[in-house]
Amino acid sequence: MSELEGMGLAKTGLWGSIIALITAACCVLPLILIMIGLGGSWVAVIGGIAAAGYYIAAAAALLVALAWFVAIRRHASRTVYGTLATGTAITFVAWIVLMNETRINNFLIGLM
């Protein structure tokens, strides 16, 4: 596996993980923005993607798993493995946020 090819696959997995984390935070993020004074009607737009959160996180997890499979099979470089480890961690955090969204929201509302 060439270094460029491996990094492309790893970066794809990483970006998928970042998108999953942003999607997972779509219901928590508006509360945080309101708490720091950046509220407004535009914040409601962020919540529009909440229904797709689980699908996007699942797609990111599958993408990262596929990238790991290909990287291991082709004996990728350490840089690729590091990028994939970062993507895996971000996807894990996205799933934690999705699964604990109600608790996080209740905590943030309690702080208001």
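Two residues are said to be in contact when heavy atoms of theirs lie within 4.5 Å. In this predicted model, local features need pLDDT of at least 70 and side-chain atom pairs count only at pLDDT 80 or more, while totals for chains, interfaces and linings use all residues. Residues are numbered from 1 along each chain as its sequence is written, and side-chain values use heavy atoms, with hydrogens and water left out. Among contacts in the protein with a separation of 6 or more, 76% join residues 24 or more positions apart.

The protein has five helices and zero strands, and its elements follow the order α-α-α-α-α from the N terminus. Here helices (H or I, at least four residues) and strands (E, at least two) are DSSP runs, numbered from the N terminus.

Of the 112 residues, 33% are buried, that is, under 20% relative accessible area (1.4 Å probe, protein chains only).

What makes up the largest nonpolar core? A nonpolar core is a set of buried Ala, Val, Leu, Ile, Met, Phe, Trp, Tyr and Cys residues joined through side-chain atoms within 4.5 Å. The largest one has 10 residues, including Ala20, Val28, Ala57 and Val97. Helices H1 (3-24), H3 (53-73) and H4 (78-99) each give two or more residues to this core, and H4 provides the largest share, three residues. Apart from this core lies another, of seven residues, among them Ala67, Ala71, Ala76 and Leu84.

Methods:
Buried < 20%, exposed > 50% of the residue type's maximum accessible area, 1.4 Å probe, protein only.
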